[in-house]
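Please examine the sequence and the three-dimensional structure shown here before reading on. The explanation then moves through the structure step by step.

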Amino acid sequence: IIFLTIVVRLLLYPLTLKSTRSMAQVQKLQPMVQDLKDRYRDDPQKFNEEVLKLYQKYNVNPLGGCLPMLIQLPILIALYNTINIAVELRKVPFLWLTDLSKADPYLILPVAIAVLMYYQQSSSNMDPQQKQMMAFMPMFMFLITWSLPSGLLLSWFTSSEIGVFHQIQANKIMLAAKEK
């Protein structure tokens, strides 16, 4: 499960990197977009036209951050469904887990997933309002994951760990984009 998760994340890495770079470009133009928003407050159509011109001028695709993630979604859903219903995981022990098809009896993986999510959110470059809105997400993730099969949570935890490294790299890319 761990190896499969690592392989899938490595295969999807180029899409993740492209998405991160695109989001950095869009974030770099945010002050100019805000200026246009203030200038064309009463004319939304003119505002949209000017934003489109701005994106064309700097060769930025506003959907470039989301589109690669949408391509990844079916792959991740298939992985989730495969691990969730795999009969081969029944009665298979791993570390403290006695059965990968049942929930983690000590709730170690759900807590670890929530902690990793909290860390990713606290180290991301979100604005303060977004951080406040997302503050409840780690708790929500714990509630979602506490009863899921531990084999699935093992995959989720591995993916989240890799996600932390991606977040560190994304922060570096965002910082480099701001400096340019």
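The structure is a predicted model.

Two packed helices are described by the angle between their axes and the distance between the axes. The crossing in which helix 2 passes helix 3 is right-handed. On the side of helix 2, the contact is made by Met 32, Val 33, Leu 36 and Lys 37. Helix 3 contributes Phe 47, Glu 50, Val 51, Leu 54 and Tyr 55. Sorted by class, the contact of helix 2 with helix 3 has seven nonpolar residues and two charged ones, with no polar residues.

A second pair is formed by helix 5, residues 108-123, and helix 7. The axes of helix 5 and helix 7 come within 8 Å and cross at roughly 155 degrees. Helix 5 is therefore roughly antiparallel to helix 7. Helix 5 passes helix 7 in a right-handed crossing. Which residues of the two helices meet? From helix 5 they are Pro 110, Val 111, Ala 114, Met 117, Tyr 118 and Gln 121, and from helix 7 they are Met 137, Pro 138, Met 141, Phe 142 and Thr 145. The contact of helix 5 with helix 7 comprises nine nonpolar and two polar residues, and no charged residue.

Helix 7, which spans residues 137-145, can also be examined by itself. Its buried residues are Met 137, Pro 138, Met 141 and Thr 145. Seen down the axis of helix 7, these buried residues fall within an arc of 100 degrees, so they line one face of the helix. On the other side of helix 7, Met 139 and Leu 143 are exposed.

Two serines can now be considered in turn. Ser 122 lies in helix 5. With a relative accessibility of 39%, Ser 122 counts as partly exposed. Ser 122 and Ala 135 are separated by 13 residues in sequence, and their C-alpha atoms are 9.1 Å apart in space. Ser 160 belongs to helix 8, which covers residues 150-179. Is Ser 160 buried or exposed? Its relative accessibility is 12%, and because buried means under 20%, Ser 160 counts as buried. Apart from its neighbours within four places in sequence, Ser 160 is in contact with Leu 116 and Gln 120.

The last topic is the backbone angle phi. Most residues other than glycine have a negative phi. Leu 95 has a phi near 50 degrees, a positive value in a residue other than glycine. Leu 95 is placed in the loop between helix 4, residues 67-85, and helix 5. Leu 95 is exposed, with a relative accessible area of 68%. Leu 107 is likewise found in the loop between helix 4 and helix 5. The phi of Leu 107 is near 60 degrees, again a positive value in a residue other than glycine. With 28% relative accessibility, Leu 107 counts as partly exposed.

Conventions
Residues are numbered from 1 along each chain as its sequence is written. This is a predicted model: local features need pLDDT of at least 70, side-chain atom pairs count only at pLDDT 80 or more; totals for chains, interfaces and linings use all residues. Side-chain values use heavy atoms; hydrogens and water are left out. Helices (H or I, at least four residues) and strands (E, at least two) are DSSP runs, numbered from the N terminus. Buried means under 20% relative accessible area, exposed over 50%, partly exposed in between (1.4 Å probe, protein chains only). Contact means heavy atoms within 4.5 Å. A crossing is left-handed if the near helix is turned anticlockwise from the far one by less than a right angle, and right-handed if clockwise. Ala, Val, Leu, Ile, Met, Phe, Trp, Tyr, Cys and Pro count as nonpolar, Asp, Glu, Lys and Arg as charged, and the others, Gly among them, as polar. The arc is that of the directions from the helix axis to the C-beta atoms. Axes are lines fitted to C-alpha atoms, for helices over the stretch in contact, and angles run from 0 to 180 degrees between N-to-C directions. Angles under 35 degrees count as roughly parallel, over 145 as roughly antiparallel, 65 to 115 as roughly perpendicular and the rest as oblique.
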